[in-house]
Amino acid sequence: MIRRNWRLRILAAAVLSLLLGAGARAQSSEYAVGADVSFLKAAEDSGKVFKDNGQAKPALEILKAHGYNWVRLRIFNTPKELPNNLQYTIALAQAAKALGFHFLLDFHYSDTWADPGKQFIPVAWQGMTHAQLVQAVFEYTRDTISSMRAAGVLPDMVQVGNEITNGMLWPDGKLPGNWDNFADLLQAGIAGVRVGSGDQPMPRIIIHIDRGGDMIRTKQFFDKLNSYGVPYDVIGQSYYPWWHGSLNDLRENLDFMAREYKKPIIVVETAYSWSPTNYTKKPGPFPETPGGQAQFLDELNRVVQETPEGLGAGVFWWEPAVSGELGSRGFFDGDGNALPVIGVFDKFTLH
């Protein structure tokens with residue numbers, strides 16, 4: 001009954017969206033040169049200065065100057081330690097939109113990190129029944145999107161869940177045992193995006209898993225998802241080579257997804273270190289040096305762009321402004337100087 005009701009609500013909202021226009025789909029032909037910059041505002045608010053060729057500039061301006069055209073921002077329900085609440089995310093989205101960036105919003109549906117190893121229910125939703133969780137996901141998504149629309153930063157694309165290979169909102173939507181519940185939760189989130197968009201074209205929906213180099217698990221997930229009729233526009237994959245296989249594994253999976261599902265595919269999370277971090281006990285595909293980091297992104301981008309039928313739709317780096325123990329995955333050294341990786345897309349954008 002829950003699934004039937006949500007399907008009817010989604011169908012009604014979809015018809016309304018079509019009547020209001022399909023402008024959001026017009027962006028689909030643009031290749032996404034993207035970065036998850038969710039830490040960026042916090043870094044600059046704390047006094048961090050970023051430099052390009054020795055000149056201090058806001059990091060968003062540096063990215064824009066080097067061909068980046070998308071930002072990805074995560075949002076947590078009620079974060080206690082991390083900054084990524086609604087107010088923070090709107091402010092960062094406004095800064096990005098003012099520079100002409102497109103905006104991908106990443107719902108974690110949690111108060112903290114959600115990924116394949118953990119999908120914590122927000123504290124405010126704990127103890128809810130399945131039906132109550134479905135309603136909470138719908139209302140929270142609707143209200144978040146509505147607030148962003150009112151602030152002038154309606155996302156261009158929305159992730160309903162982060163790296164949801166093993167489901168979301170555990171234990172209610174944990175996979176593989178609770179596919180019915182999981183599908184209900186996804187449908188509710190997508191309906192929330194539709195309704196929250198109001199009279200504006202609805203953002204595209206991206207479904208994001210963490211199996212960039214794993215064709216078998218990718219097929220298992222999307223075949224099952226498609227059997228529930230969940231509507232989405234884009235396939236998102238994480239690809240970190242130390243976890244997700246070789247670039248050849250990624251290439252094979254991109255080819256498979258393009259042929260099988262015929263949807264745009266984005267590598268929505270990737271990174272490589274500029275100092276020895278992940279390959280200290282075994283050789284890596286590229287040196288963990290500033291030059292090796294740039295070589296990795298250049299080759300990864302080539303693999304994505306070679307996806308059949310032009311369905312390789314973009315690459316997002318996670319995260320240029322990261323610091324601390326993950327700082328070696330960023331685009332800047334310890335003094336805030338831009339590393340060679342910042343220029344990988346210059347050859348496509350500079351004249």
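Which residues in H7 meet which residues in H9? On the H7 side they are Met215, Thr218, Lys219, Phe222, Asp223 and Asn226, and on the H9 side Glu252, Asn253, Phe256, Met257, Glu260 and Tyr261. Please keep in mind that this is a predicted model. The average pLDDT of the protein is 93, and 91% of the residues score at least 70.

**Confidence**

- Where pLDDT is low, the predicted coordinates should not be read in detail.

**Helix H7 against helix H9**

- Two packed helices are described by the angle between their axes and the distance between the axes.
- For helix H7 (residues 215–227) and H9, the axes come within 10 Å and cross at roughly 25 degrees.
- H7 is therefore roughly parallel to H9, since an angle under 35 degrees counts as roughly parallel.
- The two helices cross in a right-handed sense.
- The residues in this contact are 5 nonpolar, 3 polar and 4 charged.

**Helix H9 against helix H10**

- H9 spans residues 247–261 and H10 spans residues 290–305; their axes lie 9 Å apart at an angle of about 20 degrees.
- This pair, too, is roughly parallel, and H9 passes H10 in a right-handed crossing.
- From H9, the residues Leu247, Leu250, Arg251 and Leu254 take part; from H10, their partners are Glu299, Leu300, Arg302, Val303 and Val304.
- Sorted by class, the contact of H9 with H10 has 6 nonpolar residues, 3 charged ones and no polar ones.

**Leu250, a residue inside H9**

- Is Leu250 buried or exposed? Its relative accessible area is 0%, so Leu250 is buried.
- Leu250 belongs to helix H9, and beyond four places in sequence Leu250 is in contact with Gly212, Gly213, Tyr239, Val267, Leu300 and Val303.
- Leu300 and Val303, among those partners of Leu250, are also on the H10 side of the contact between H9 and H10.
- For a sense of scale, Leu250 and Gly330 are 80 residues apart in sequence, with 22 Å between their C-alpha atoms.

**Helix H5 against helix H6**

- The axes of H5 (residues 130–150) and H6 come within 7 Å, crossing at roughly 25 degrees.
- H5 is therefore roughly parallel to H6, and the crossing is right-handed.
- Residues of H5 in this contact include His130, Leu133, Val137, Phe138, Thr141 and Arg149.
- Among the H6 residues they meet as a group are Asn181, Asp184, Leu185, Ala188, Gly189 and Gly192.
- By class, the residues where H5 meets H6 are 10 nonpolar, 7 polar and 3 charged.

**His66, a buried loop residue**

- His66 sits in the loop between helix H3 (59–65) and strand S4 (70–75).
- Why does His66 count as buried? Its relative accessibility is 9%, and buried means under 20%.
- Setting aside neighbours within four places in sequence, the contacts of His66 are Asp52, Ile342, Gly343, Phe345, Asp346 and Thr349.
- His66 and Leu82 are 16 residues apart along the chain, and their C-alpha atoms are separated by 28 Å.

**Backbone details to look for**

- Most residues other than glycine have a negative phi, and most peptide bonds are trans.
- Where is the residue Pro171 found? Pro171 is in the loop between strand S7 (167–168) and strand S8 (173–174), and the peptide bond from Trp170 to Pro171 is cis, with omega near 5 degrees.
- Leu175 and Pro176 are also joined by a cis peptide bond, with omega about 15 degrees; Pro176 lies in the loop between S8 and helix H6 (179–196).
- Asn53 has a positive phi, near 55 degrees, and lies in the loop between strand S2 (51–52) and strand S3 (55–56).
- With a relative accessibility of 79%, Asn53 counts as exposed.
- Lys262 has a positive phi near 55 degrees, in the loop between H9 and strand S11 (265–270).
- Lys262 is exposed, at a relative accessible area of 61%.

Definitions and conventions. Residues are numbered from 1 along each chain as its sequence is written. This is a predicted model: local features need pLDDT of at least 70, side-chain atom pairs count only at pLDDT 80 or more; totals for chains, interfaces and linings use all residues. Side-chain values use heavy atoms; hydrogens and water are left out. pLDDT is the predictor's confidence in each residue, from 0 to 100. Axes are lines fitted to C-alpha atoms, for helices over the stretch in contact, and angles run from 0 to 180 degrees between N-to-C directions. Helices (H or I, at least four residues) and strands (E, at least two) are DSSP runs, numbered from the N terminus. Angles under 35 degrees count as roughly parallel, over 145 as roughly antiparallel, 65 to 115 as roughly perpendicular and the rest as oblique. A crossing is left-handed if the near helix is turned anticlockwise from the far one by less than a right angle, and right-handed if clockwise. Contact means heavy atoms within 4.5 Å. Ala, Val, Leu, Ile, Met, Phe, Trp, Tyr, Cys and Pro count as nonpolar, Asp, Glu, Lys and Arg as charged, and the others, Gly among them, as polar. Buried means under 20% relative accessible area, exposed over 50%, partly exposed in between (1.4 Å probe, protein chains only).
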